[in-house]
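Subject: two-chain model for you

Hi,

Here is the structure I promised to pass on. Have a look at it first, and my notes follow below.

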Amino acid sequence: MNPLRTRRSALTQLAAVTATAAALGQRLGAADAAAQVKINHSACKWCYPKVSLDDLCTAGKQFGLQSIELLDPPDFATVKKHGLHCAMVSFPQKDGIGRIEKAFNRLEHHDTLVEIYTERIKQCADAGFKQLICFSGNRAGLDDETGLKNCATGLKRILPLAEKHGVTLVMELLNSRVNHKDYQCDKSAWGVALCQAIGSERFKLLYDIYHMQIMEGDVITTIKARHQYFAHYHTGGVPGRNEIDDTQELNYPAIMRAIQSTGYKGYVGQEFIPKREDKIASLKQGVQICTV
Amino acid sequence: MHGVTPIIPIMKTSRRSALQTAAFAGVSVLTASKVRAAEAGDHYVAKNGRINQSFVTWNFRPLTIPELAKLAVKFGVKSIELVGPEHWPMLKELGLKCALAGSHGFAKGFAQPDQHAECLKVLEQRVEQCAAQGVPSVITFSGFRKGLTIDDATKNTIAGLKKIAPIAEKHKVTVALEMLNSKVNVEMKGHPDYFCDDMDLSIRILQAVGSPYVKVLFDIYHVQIMHGDVITRLRQYKDFIAHYHTAGNPGRNEIDATQEINYPPIMRAIAETKYAGFVGQEFIPVREHVRSINEAVKLCDV
């Protein structure tokens, strides 16, 4: 185990950033003080179906992983046991409502969503986890303006509770060209307009770099212009959603530097599907590529 | 944006004159002695032969066209492009090609019916010159939209390109319609109100024209700004691509790890499409020019 990593992950949980930096400067030296503003690393569990959460935690900690994400409440104890965070909690669902295809853009889903998100927000708060994913749902013929209005209506019903518990609802931007045909929250401009319509610091977007490269490109410019609406980032190689290395078209280190330059203090979640045999080695490589 | 005044209504080959007087005056401190110093050091020579490289010239000012031609020879690059016929004999003497000839400027084009005659006149003459001198392709543009509906501008562009198609076919010279970004409102980095700012629409236009000698110029920088999903698109549209351009994004500068486009895998994807044309380096260096050019040659020599 790397002792510096452990100390750093403990420190990231402190709220007072300036005080932390000063303390680090004294205790660990200038090099580690610089490391304090570096990208916090997370990984999505679903990309490693054959690895147990326990094993993923043990392996990930060796190379600087600070969080495993998109977990349901039954898994919270495992990450906590390893001293890891869950930077993005998975969505609740009931009768298919809450899933990517069926969510906040339909008024008829709202009663169910309020019910299941009420419970999930409390579970997040109890565990000390701060961010909870949500989706727009598919268009299914719904125009973007009505879809946005409906999302705002539904989310506003649950946001007072989220605000009370300090939990941020984070809607994911997904591509509708390849993976999620007809998904409505598929452009950052639409997502930003929804954030503005809602006007709460407890509602933000998950800017998935893979999905947005497929839908709109111009990644760094978009991040720099709209980062105040982005609460979380995901990675993935384009095309293919595999390793984020030189086999695909995005220069991830440059994108990570752009994220850093916005003063981002959250996590970057690795969400690629490893193509190579050694899945954990691919994850380690992803974390290294994003360590800038 | 509608009705935006054309920013620099000039020929692409004379972009440099605008650049000299504008924000890029600062780069002219690059002196001849510095060029020689950089040339004297170690340099990379393209050797793999999977990607034919070319240099666009306006963006590498203050390096002159003859200086760039000498660098091309030195770095194993086979072409200097978007230069007029007056430079072609010099290129031939050095064993270089001109992969893409300049023509009318990007502020005029086939989206506007009242500009058809002027563009056709320039293109007809240039196609004949290309055929006589072995230049395989010539650039063309849509020009600005100027308040036209997309449907009308599309119809106009198809009609205009259909007029040049038989001449291109007769001489076996490819006319390459360039797609530019209309998003970045910085001189020579984007072109607000330019009509052909959408690769998918550009391809639909080419399909309607239906000529094997009217294709698209796939500028990777512009595509990344307007669309992303570069490798998927270049595979999807490989049969319609006459030429490629490079530059880093954001900024249109060096194409290395300082920006978001990972060029080596894109070059490998281009080679895998059996592309036999050229890739023109069209970035504006912010660092020492000769070194940046050489690094770009290396990155694209996959």
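In chain B, 75% of the contacts with a separation of 6 or more are between residues 24 or more positions apart; a contact here means that the C-beta atoms of two residues, placed from the backbone, lie within 7 Å. Before you dig in: this is a predicted model, so local features need pLDDT of at least 70 and side-chain atom pairs count only at pLDDT 80 or more, while totals for chains, interfaces and linings use all residues. Residues are numbered from 1 along each chain as its sequence is written, and chains are lettered from A and ligands numbered from 1 in the order in which they are written.

Chain B

Chain B has eleven helices and seven strands, taken as DSSP runs numbered from the N terminus (helices are H or I with at least four residues, strands E with at least two). Of its 302 residues, 52% count as buried. Buried means that 20 or more other C-beta atoms lie within 10 Å of the residue's own, exposed means 12 or fewer, and partly exposed is in between, with C-beta atoms placed from the backbone.

The seven strands form an open sheet with parallel pairing, in the order β2-β1-β7-β6-β5-β4-β3. Strands count as paired if DSSP finds at least two bridges between them. At the edges are β2 (79–81) and β3 (137–140) of chain B, each pairing on one side only. On average, neighbouring strands of this sheet are turned by 30° against each other, direction ignored. Strands β4 (residues 174–178) and β5 (residues 214–219) of chain B run parallel and are joined by four bridges, with B:V175 opposite B:V214.

Two helices worth a look lie across this sheet. Helix α3 (residues 65–75) of chain B lies across β1 (52–56) and β2, at about 150° to β2(B). Helix α7 (residues 199–209) of chain B lies across β4 and β5, at about 165° to β5(B). For these angles, axes are lines fitted to C-alpha atoms (for helices over the stretch in contact), and angles run from 0 to 180 degrees between N-to-C directions.

How far apart are the end C-alpha atoms of α11(B)? They are 17 Å apart, which agrees with the 16 Å that the twelve residues of this helix (289–300) should span at 1.5 Å a residue; the expected span is 1.5 Å times one less than the number of residues. Nine of those twelve residues are buried, so α11(B) is largely enclosed by the rest of the structure. Among the buried ones are B:H289, B:I293 and B:C300.

Chain A

Chain A also has an open sheet: seven strands with parallel pairing, in the order β2-β1-β7-β6-β5-β4-β3. Its edge strands are β2 (67–69) and β3, each with a single partner strand, so one side of each is left without a neighbour in the sheet. Here neighbouring strands are turned by 35° against each other on average, direction ignored.

Strand β3 (residues 131–134) of chain A is covered on both faces: A:Q131 and A:I133 are buried on one side, A:L132 and A:C134 on the other. Four bridges pair β3(A) with β4 (residues 168–172) of chain A in the parallel sense, and A:I133 stands opposite A:V170. With helix α7 (residues 144–165) of chain A, these two strands make a right-handed β-α-β unit (with the strands pointing away from the viewer, the path from the first strand over the helix to the second runs clockwise).

Most residues other than glycine have a negative phi, and most peptide bonds are trans. These are the places to check:

- A:V238 and A:P239 are joined by a cis peptide bond, with omega about -10°; A:P239 is in the loop between β6 (230–234) and α11 of chain A.
- B:N249 and B:P250 are joined by a cis peptide bond, with omega about -5°.
- A:D95 is not a glycine but has a positive phi of about 55°; A:D95 is exposed, with 10 other C-beta atoms within 10 Å.
- B:K172 has a positive phi near 55° and counts as exposed, with 12 C-beta neighbours inside 10 Å.

Where the chains meet

The contact between the chains takes 20 residues from chain A and 20 residues from chain B. On the chain A side, α9 (209–215), α10 (219–226) and α11 (252–261) each supply at least two residues.

Cheers
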